[in-house]
Amino acid sequence: MGAVSLQQLPEPDRTEIAFAGRSNVGKSSLINALTRQNNLARASGEPGRTRELNFFNVDDTNLRIVDLPGYGYAKAPKDVVEKWTKLTRNFLRGRVNLKRVYLLIDSRHGLKPVDEKIMDVFDEAAVSYQIVLTKTDKIKPPAVKRITEETLQAIMKRPAAFPRVVATTSAKGDGIDVLRAEIAALLPEF
């Protein structure tokens, strides 16, 4: 289901994890790879297509995945982007069943100032978050290792950051099982 206001949010009756990231970082592709469903989250070639909070219940578990609107770029009027941003911030601050946000970072570009701003929001709201590097198939293995280490160093002093970085590629499946294990560890039945 999709929600464009706090009144439309589902009941907080399941463990929730959320995925955040700049537009075009590969959130939809990663969600599809994690759930082994090709068309669950709609991937688009046009950045900024996720314009609401999208909720996906994972069958046979107590887990709900939340796909947050992308940030940093969107072909939308400024007031609409501000509305998405406000909705996302309010969601993050008030969702008691939200166990972790996975902040997706394109491995080719690393952390950008806009990512640091969203990490500030997570730190201020005391929302646990973990960095997931995406599109690692597009760079060489030594570069993946370097960007993973640099990213880990960059988050070490952040109060709400979980101190592990997961490197993934939705196209080839690398790191997907590692991320699934990280998520499973958050579930009460694990």
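Reply: Happy to! Of the 32 residues in the largest nonpolar core, those that touch the most other members are Leu 53, Phe 91, Leu 92, Val 101 and Leu 103. Such a core is a set of buried Ala, Val, Leu, Ile, Met, Phe, Trp, Tyr and Cys residues joined through side-chain atoms within 4.5 Å; buried means under 20% relative accessible area, exposed over 50%, partly exposed in between (1.4 Å probe, protein chains only). Among the elements giving two or more residues to this core are strand S3 (53-57), helix H2 (78-94) and H4. Helices (H or I, at least four residues) and strands (E, at least two) are DSSP runs, numbered from the N terminus.

A word on the source: this is a predicted model, in which local features need pLDDT of at least 70, side-chain atom pairs count only at pLDDT 80 or more, and totals for chains, interfaces and linings use all residues. Residues are numbered from 1 along each chain as its sequence is written, and side-chain values use heavy atoms, leaving out hydrogens and water.

Now to helix H4, residues 141-155. Its buried residues are Ala 143, Val 144, Ile 147, Thr 148, Thr 151 and Ile 155. They sit on the same side of H4, because they cover an arc of only 135° around the axis (the arc of the directions from the helix axis to the C-beta atoms). Helix H3 (113-125), strand S6 (129-134) and strand S7 (161-167) are among what covers these buried residues, with contact meaning heavy atoms within 4.5 Å. On the face turned away from the buried side, H4 carries the exposed residues Pro 142, Lys 145 and Gln 153.

Note on methods:
Expected span 1.5 Å × (residues − 1).
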